[in-house]
Amino acid sequence: MNKKITQDYSAFEEDANYWFSVFDNIPDIAFAKQEVSPGSFIVNKIKAFARAYQPMVVLDKEVDLIIN
Amino acid sequence: MEKQLVLSDEQLVKDFVAGDSGSIDILIERHKAKIFSYIVMCVKQQELAEDIFQEAFIRVIRTLKNGRYSDSGKFSSWVMRIAHNLIIDYYRKQKNQSVISNDNYEYDLFNSTQFSDKSVEEQMVTDQVLSEVSMLVNLLPDNQREVVVMRHYRDLSFKEIAEETNVSINTALGRMRYALMNLRRLAEERNISLTMS
């Protein structure tokens with residue numbers, strides 16, 4: 001079996017770097033009325049995670065505690 | 001609403017770290033369009049962009065709650081940097097995955113109608129069935145719907161589902177079993193045929 005790469009991932013990385021610099025220079029307020037958004041299911045899951053997640057240290061090790 | 005308009009990102013971050021969960025809601029609502037637009041611009045796939053968006057904010061929440069956030073710039077830039085790193089990680093992971101090639105074989109394994117594009121009619125049937133399945137999934141109880149979405153829409157393993165929902169693997173498997181039984185029942189009740197050609 002040969003290993004073949006059919007996509008130019010290095011170019012994708014360069015694109016991502018480029019778009020990062022573009023977006024980082026756009027003021028946040030410019031997106032205030034944008035309707036582009038992840039699905040509400042995703043947003044609600046994140047909000048729920050924020051409420052349920054509690055970090056804990058057990059035996060000097062950080063562990064995650066999710067309280068449902 | 002008033003809070004949403006008045007408080008700065010820095011103040012909302014401090015409030016969230018201090019235990020006010022509502023503050024992160026405002027931060028997410030305030031910045032979701034910018035962060036998500038950036039991710040979509042890079043990866044150009046809605047589902048993948050949603051996965052990266054979710055993972056980025058999970059990391060944000062973990063970092064904030066663990067007290068590791070150092071207030072050294074714009075909040076949106078920090079979240080975008082996390083999303084950016086996830087995008088780069090995704091590209092590098094894809095790059096390192098092996099791709100099967102049949103160059104060394106006379107018979108072309110992939111030259112089969114099985115792998116050809118669907119006809120318009122087949123595509124319409126598929127779209128219809130997927131739409132009906134999605135509608136039925138929405139009728140499931142929350143814990144069953146969650147497992148189905150994680151397994152079939154987000155492609156998580158049962159181990160990952162168990163970890164994310166904080167239940168045992170057996171419970172996750174049980175929920176999936178009941179979800180499938182309920183989906184069959186719901187489809188029968190509504191006379192919906194879920195057969196694809």
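Good morning. I begin with a pair of helices, one from each of two chains: α1(A) and α3(B) are roughly antiparallel to each other, because the angle between them is about 155° and angles over 145 degrees count as roughly antiparallel. Please keep in mind throughout that this is a predicted model.

Let me stay with this pair for a moment. The crossing of α1(A) with α3(B) is right-handed. Which residues meet here? From α1(A) they are A:D15, A:A16, A:W19 and A:F23, and from α3(B) they are B:K34, B:Y38, B:M41 and B:C42. Sorted by class, this contact has six nonpolar residues, two charged ones and no polar ones.

I now turn to the contact between the two chains as a whole. Chain B contributes 38 residues to it, and chain A contributes 35. On the side of chain B that touches chain A, at least two residues come from each of α3 (21–43), α4 (46–65) and α5 (75–96). Which helix gives the largest share of that side? The answer is α3(B), with 14 residues. By class, the side of chain B that touches chain A comprises 18 nonpolar, twelve polar and eight charged residues.

Next, chain A itself. Chain A has 68 residues, of which 16% count as buried.

How confident is the prediction for this chain? The mean pLDDT of chain A is 82, with 74% of its residues at 70 or more. Within chain A, confidence is highest in helix α2, residues 40–52, at a mean of 93, and lowest in strand β2, residues 61–66, at 64.

Helix α7 (residues 142–153) and helix α8 (residues 158–165) of chain B have axes that come within 10 Å and cross at roughly 135°. That angle makes α7(B) oblique to α8(B). Their crossing is right-handed. On the α7(B) side the contact is made by B:E146, B:V147, B:M150 and B:R151, and on the α8(B) side by B:I161, B:E164 and B:T165. These residues divide into three nonpolar, three charged and one polar.

Terms used:
Residues are numbered from 1 along each chain as its sequence is written. Chains are lettered from A and ligands numbered from 1 in the order in which they are written. This is a predicted model: local features need pLDDT of at least 70, side-chain atom pairs count only at pLDDT 80 or more; totals for chains, interfaces and linings use all residues. Two residues are in contact if their C-beta atoms, placed from the backbone, lie within 7 Å. Helices (H or I, at least four residues) and strands (E, at least two) are DSSP runs, numbered from the N terminus. Ala, Val, Leu, Ile, Met, Phe, Trp, Tyr, Cys and Pro count as nonpolar, Asp, Glu, Lys and Arg as charged, and the others, Gly among them, as polar. pLDDT is the predictor's confidence in each residue, from 0 to 100. Axes are lines fitted to C-alpha atoms, for helices over the stretch in contact, and angles run from 0 to 180 degrees between N-to-C directions. Angles under 35 degrees count as roughly parallel, over 145 as roughly antiparallel, 65 to 115 as roughly perpendicular and the rest as oblique. A crossing is left-handed if the near helix is turned anticlockwise from the far one by less than a right angle, and right-handed if clockwise. A residue is buried if 20 or more other C-beta atoms lie within 10 Å of its own, exposed if 12 or fewer, and partly exposed in between; C-beta atoms are placed from the backbone.
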